[in-house]
Amino acid sequence: MRLTTRVRYGARALVDIAQYSDRGPVPLRDIAGRQGLSQAYLEQLILTLKAAGLVRSVRGSRGGFVLAKDATQVTMAQVVEVLGGELNIADCVSCPESCKRAGQCAMRPVWEGVNRAIYDVLVGTTLADLVSRARKPGFD
């Protein structure tokens with residue numbers, strides 16, 4: 001299982017906004033520069049995050065983006081679901097009917113456990129947690 005660039009870059013953009021929004025709205029070009037990402041690609045991601053109610057835009061010469069919710073209320077599970085869809089490592093976890101062996105498969109409980117563990121980490125990690133980590137020495 002791999003997280004898509006949409007999820008990874010979108011998460012980086014959200015952490016950046018959360019980290020720098022104490023100075024006011026964060027311009028997209030600043031996020032792109034700090035994160036080393038394409039501004040055009042970030043625009044697409046921000047539109048998705050805005051439609052999901054995670055960020056809002058502020059217009060004007062000092063405009064940019066701010067979180068629409070407090071950073072303590074935005075979990076990485078929400079971010080992954082908004083940008084990458086349902087989190088599932090195997091089809092049989094969410095849809096047992098997709099596999100005729102689901103009822104007698106020795107591996108299915110393992111995949112369910114892995115899926116649950118990943119979800120628990122994501123739901124237990126907020127943007128505020130990530131900003132806190134990013135402010136520690138050794139992080140950019």
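I looked up Cys-92 and found 12% relative accessibility, so Cys-92 counts as buried (under 20% relative accessible area; exposed is over 50%, partly exposed in between; 1.4 Å probe, protein chains only). This is a predicted model, where local features need pLDDT of at least 70, side-chain atom pairs count only at pLDDT 80 or more, and totals for chains, interfaces and linings use all residues. I number residues from 1 along each chain as its sequence is written, and side-chain values use heavy atoms, with hydrogens and water left out.

I then checked for disulfides (cysteine sulfur pairs within 2.5 Å) and found 0. Cys-92 is in none; its nearest cysteine sulfur belongs to Cys-99, 5.9 Å away. That distance is too far for a bond. Cys-99 is partly exposed, because its relative accessibility is 29%.

Next, the strands (DSSP E runs of at least two residues; helices are H or I runs of at least four, both numbered from the N terminus). Strand 1 (residues 55-58) pairs with strand 2 in the antiparallel sense over 4 bridges; pairing needs at least two DSSP bridges. Arg-56 has Val-66 in strand 2 as bridge partner. The two strands form a hairpin with 5 residues between them, and Gly-60 in the turn has a positive phi of about 110 degrees.

Contacts of Val-55 (heavy atoms within 4.5 Å) include Leu-14, Ile-17 and Leu-67, not counting residues up to four places away in sequence.
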